[in-house]
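Welcome! Please take a moment with the sequence and the model below, and then we can walk through them together.

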Amino acid sequence: MTDVENSDVMIELEDLTKMYPGQPVPAVDHVNMRIPRGEIVVLVGPSGCGKTTTMKMVNRLIEPTSGRIVLDGEDVTKVNANQLRRRIGYVIQQIGLFPHQTIKQNIATVPKVLGWDKDRIDHRVDELLRTVGMDPEEFRDRYPKELSGGQRQRVGVARAMSVDPDVMLMDEPFGAIDPITRERLQNEFLRVQAEIRKTIIFVTHDIDEAIKMGDRIAILQEQSHIAQFAPPEEILTAPANDFVADFIGSGASLKRLNLTRIRDIQLHADAPVVDVNDDITTARQRLRDSDWTALLVVDAERRPQRWLRPTDLKRPSADLHQGGLPVDATVEPQATLADALNEMIISNAGCVVVTDGRGAYQGVADIDTIMASIRAMRAQVDEYYRAAKLLDIEGEVAV
Amino acid sequence: MGFLEYLAQNYDALLVQSFEHIQLVVVSVVAAIIVGVPLGIVAHRSELLRSAILNTTSTFLTVPSLAFFALLIPLVGIGNTAPILALFCYALLPIVRNTVSGLRQVDPAIVESAKGMGIGSFGRLRGIELPLAWPVILTGVRVSTLLNIGIAAIAVLVGGGGLGQEIFRGIRSLGSPFAPNLVFGGTLFIIGIALVFDLFYLLLGRLTTTRGIR
């Protein structure tokens, strides 16, 4: 159970239970949960814990044995299931686009059932394709097999949003997609969600995805018993019991890197920077005046170009237009610390250059910057435990 | 008399017989589609009835065609009715079986996503499952048609029409110099009909499936 205010509740599950005939224990046992309007609630747990069953009872793809589902104040446990499902967006891992229909026909499925006129459907399809970042001209008349996996997933999300449902159910929606595309789709979806503010139940088995996507996370044990239902920060800093702690795993601090964004931490703003068109003596002077071991060259739009070390500048033929190390590792302010660390490791640079949306230089983050924020987070955790009197004098967590 | 001379002289009669032949096939196959596709849908949806339906329709195919035709005579008498009934029974199995396997190969995720969008059972069948199973069903119809084009030649033995008349005229006059012409003539036209139907199904398949599932 949670402390969610009654007035904000969009979905309420009351003693929801699913019993399959011939099985000794229920698959889902008396789940009680209140899901606040406009939030993403992630159901996460080991396979077989009943998280998908729980989610599918909300749109009654699986009929509950007992209990109630209340949607926006209305008991929907017994209403017409098809009409209920048309009010709830549904996205599954395999996406399930209709292969014999064009993208437009796929997205128009529910609007057509509801009898929208052609103009309204056309308008809505184009609008949705733009929302998920696809050009309507290029894509609306294509067939699913003519799209990449990531594009199909976007269409799946657009289709689920076709009649602007208040509630969406997403069952491992990014599970079958390669890691790089998945990362991008997750970020895109969070951007879209920031505008549309749907109430979303999101099922995954991946705790990292849960931490990234969830406003709240419900960690489920077998039979869908809720081990903890709380915002990700709380789950990471104060796991409710051993099951949760085990499920998060040993890398809780690492996972916290997914919670903090680059824009929230203190960047190095004192890196020596020269414009590529400045002369070489200015550059040498600027590097000498700083305590840095390399100098960042930016172009006329302040986009980072290359790092030059003292040896690169010392040569008589030294030129700001060439040589040095190209800047590979750049991140935008909304990237997480995990993204930044990842960039550092991939590019071998030891630091990342932070750029704004147009690619202009904003600052530099290095391992020390990130370590400092991890230390700060640890201090907060210690504070939490101390407040809870769980920490003894040596700083060890007492059991 | 050479074969070409024979063809030139008997062209009209062969065309009339071809028309009768096509009639036997079309009537029996259309009836088999009307009965077979719904049977296939039932067999797909009901675990209980599936084996009953598939076993019955495949038993039909094991009955020798000559015997089958003869067995029907006491019931419906001499003429085209007995062969049409028998051909209908033969045509059922490929259509029923392909309807079942066409529906079964539809990705369950596609059906589930349709269900999750609130598309009812009938809507899913009409809008999603049958269109996706259609190429396989059409193949079943094509097999039935080709099968019946061959078997229909025996209809003549129970008083039916078709190109069997020409072939059996040849068989009855075996030993005479005309006999091979008659048999070849009938066979040639049967092959011709089969080729025309094959082409027809190829075009029909092209016209009735979207680029998305080709």
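How many residues of chain A are in contact with how many residues of chain B? The answer is 20 residues of chain A and 17 residues of chain B, where contact means that the C-beta atoms, placed from the backbone, lie within 7 Å.

This is a predicted model, in which local features need pLDDT of at least 70 and side-chain atom pairs count only at pLDDT 80 or more, while totals for chains, interfaces and linings use all residues. Residues are numbered from 1 along each chain as its sequence is written, and chains are lettered from A and ligands numbered from 1 in the order in which they are written.

On the side of chain A that touches chain B, H2(A) gives the largest share, four residues. By class, that side holds nine nonpolar, eight polar and three charged residues (Ala, Val, Leu, Ile, Met, Phe, Trp, Tyr, Cys and Pro count as nonpolar, Asp, Glu, Lys and Arg as charged, and the others, Gly among them, as polar).

Helices here are DSSP runs of H or I with at least four residues, and strands are E runs of at least two, numbered from the N terminus.

| Part of chain B | pLDDT |
|---|---|
| Chain B | average 93 |
| Helix H3 (residues 65–76) of chain B | lowest mean among the elements, 88 |
| Helix H6 (residues 121–151) of chain B | highest mean among the elements, 96 |

In chain B, 100% of the residues score at least 70. For the complex, the predictor gives an ipTM of 0.87 and a pTM of 0.78.

Technical notes: Two residues are in contact if their C-beta atoms, placed from the backbone, lie within 7 Å. pLDDT is the predictor's confidence in each residue, from 0 to 100.
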